[in-house]
Amino acid sequence: MKYGKILVYMVTLGVCILTACGSEGTKSVMTHKSSQVAMGTMVSQVYYGTDAQDMENRAACVAGFLDDLEKQGISWRESESEIARINENAGKGRVEVTEAMSSYLETAFEVSARSGGAFDITIGDVVQLWDLDAVAAGEKDFAMPTREELTERLQGSGYEKVALGDGYISLPEGMRLDMGAIGKGIACDEIYALCNDGEYATITGGIVSVGGSIVAMGQKPDGTPYRVSIVHPRKEGSIGVVTMKDGEFLSTSGDYERYAMYEGERYHHILDPKTGYPAKSGLCSVTVVSDSGLLSDALSTACFVLGEEMGMRLAQEYGAKILMVREDESFVMNAGMEEIFAVQ
Ligand code: AMP
Ligand code: MG
């Protein structure tokens with residue numbers, strides 16, 4: 001096969017935490033900010049509290065937790081992870097799953113069913129064929145899969161073929177689970193639980209981003225809501241700011257995050273499980289805010305694949321707030337999002 005000129009783009013985060021806030025009258029409250037790479041993405045942690053050591057400990061504890069979640073839990077690349085073990089046993093019978101994993105998978109499969117299969121974590125084999133993570137990281141060149149290859153790998157996928165229940169899961173032969181579309185949202189749910197475990201009571205608030213997923217916790221010192229800037233999918237800068245409060249989760253999915261340009265076409269990492277090709281739904285970014293990290297992450301991916309009309313309907317069904325940026329750079333949002341979004 002002849003390859004045209006290939007341009008490869010690195011991961012760009014869809015969101016940015018805006019931490020500037022007045023601290024008049026709240027001088028005893030300090031801010032802790034740290035960032036690190038975890039789960040293959042940038043993690044940024046901001047905490048507010050009265051004890052610097054507590055905040056540092058909390059940040060270290062969250063960073064360690066994210067490493068464990070990836071290595072022991074959800075990354076198919078980590079041979080010791082639960083997902084790798086499930087994938088390895090595809091076609092070999094049932095495998096015991098932890099309660100946490102079982103709950104993640106149940107919710108994921110429910111979104112699959114309610115999105116008519118637009119969201120489907122069983123397409124891991126197709127994701128691995130494109131391997132856009134490695135391409136975007138500069139680890140390999142983009143290679144265009146053939147239609148036959150895609151069809152063959154798609155045959156092994158399909159959420160409805162998974163048997164999950166009573167603490168066990170079994171996958172048909174050839175199926176590979178890929179948690180890429182929900183891992184960061186799961187991480188945000190777990191961070192929220194961790195930060196509400198009663199330890200470090202001197203911490204009064206915080207906001208943490210794990211790639212394109214964000215969780216807001218407690219209060220900002222000045223009592224104003226947290227502010228998150230949404231990256232413009234086609235230009236430098238942002239399209240606007242979303243305000244968030246305690247217990248809210250935000251996720252953005254965009255075709256500009258991991259992609260390669262090949263013969264003038266954009267090949268991005270959000271795939272349409274019906275075709276195996278990158279989804280072409282007329283959208284270039286979708287942001288969802290809800291009271292669950294897993295759901296906001298799953299829905300941002302699902303609604304991207306579904307496109308404007310069906311995506312809006314699905315978000316509405318879940319009671320989520322949604323903002324969609326169309327390919328012509330105009331945007332549309334539901335009433336819930338209108339209350340928390342402002343153009344900058
Ligand atoms: P996100 O950035 O949250 O939209 O997730 C995209 C990632 O999820 C990709 O890099 C793949 O690992 C995986 N993925 C791609 N398309 C889908 C899909 N339609 N359903 C579920 N997972 C997907
Ligand atoms: Mg997602």
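A nitrogen atom of ligand 1 lies 2.8 Å from a polar backbone atom of L271, a polar contact in the sense of a pair of N or O atoms within 3.5 Å. Taken alone, ligand 1 exposes 500 Å², of which the protein buries 96%; such accessible areas come from the Shrake-Rupley method with a 1.4 Å probe. This is a predicted model, in which local features need pLDDT of at least 70 and side-chain atom pairs pLDDT 80 or more, while totals for chains, interfaces and linings use all residues. Residues are numbered from 1 along each chain as its sequence is written, chains are lettered from A and ligands numbered from 1 in the order in which they are written, and side-chain values use heavy atoms, without hydrogens and water.

A backbone N or O atom of A118 is 3.0 Å from a nitrogen atom of ligand 1, and a polar backbone atom of A181 is 3.1 Å from an oxygen atom of ligand 1.

The residues around ligand 1 number 18, and D120, D178, S253, L271 and T301 come nearest; a residue counts as near if one of its heavy atoms lies within 4 Å. Helix α8, residues 293-306, gives the largest share of this shell, three residues. Helices here are DSSP runs (H or I) of at least four residues, and strands (E) of at least two.

Elsewhere, four strands form an open sheet in the order β2-β10-β11-β18, with antiparallel pairing. Its edge strands, β2 (15-18) and β18 (341-342), each pair on one side only. Pairing requires at least two DSSP bridges; β11 (residues 238-244) and β18 are joined by two. V241 stands opposite A342 in β18.

Definitions and conventions
A polar contact is a pair of N or O atoms within 3.5 Å; within protein, one must be able to donate a hydrogen and the other to accept it, and residues adjacent in sequence count only if both atoms are side-chain atoms.
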